[in-house]
Amino acid sequence: MAGPEAAPVGLALWFQTYSTWTGRPSLYLEDLFVDDSARGQGVARALLRRLAQEALARDCARIDWAVLDWNTEAMAFYRRIGARAQSGWQPWRIEGAALSALAAG
């Protein structure tokens, strides 16, 4: 996000998914970044507002994302906009040698 003739100061990277729980599409926010120089100026809120508009235009039931457990400032911001942490699901990952071993059979 940037003003007229200004350098970008924020980015929301997202993709559309599908929720079998809701039977509707969802958006997944992969990354939300705001440059340190622009934090506290409403950039993140503006990016998320635009993403919410896109979600509703696509008839999405929700927007999902992950937050690192140490990022308390981000969690506080997300709570202020009405988001809530989910419980019951744990993030899992396979990578590196384990991924290669699984692919090899």
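**Close-up views of a predicted model**

View 1. Ala-12 stands opposite Leu-32 in β2. This is a predicted model, in which local features need pLDDT of at least 70 and side-chain atom pairs count only at pLDDT 80 or more, while totals for chains, interfaces and linings use all residues. Residues are numbered from 1 along each chain as its sequence is written, and side-chain values use heavy atoms, leaving out hydrogens and water. Strand β1 (residues 10-19) pairs with β2 in the antiparallel sense over ten bridges. Strands are DSSP runs of E with at least two residues, helices are runs of H or I with at least four, and both are numbered from the N terminus; two strands pair if DSSP finds at least two bridges between them. In their hairpin, four residues lie between the strands, and Gly-23 takes a positive phi near 70°.

**View 2. Strands β2 and β3.** Here, β2 pairs with strand β3 (residues 63-65) in the parallel sense, over three bridges. Look for Leu-27, which stands opposite Ile-63 in β3.

**View 3. The largest nonpolar core.** This core has 14 residues, and Leu-27, Leu-51 and Phe-77 are among those with the most contacts inside it. β2, α1 (43-57) and α2 (72-80) each supply at least two of its residues, and α1 gives the most, with six. Such a core is a set of buried (under 20% relative accessible area, 1.4 Å probe, protein chains only) Ala, Val, Leu, Ile, Met, Phe, Trp, Tyr and Cys residues joined through side-chain atoms within 4.5 Å.

Note on methods
Buried means under 20% relative accessible area, exposed over 50%, partly exposed in between (1.4 Å probe, protein chains only).
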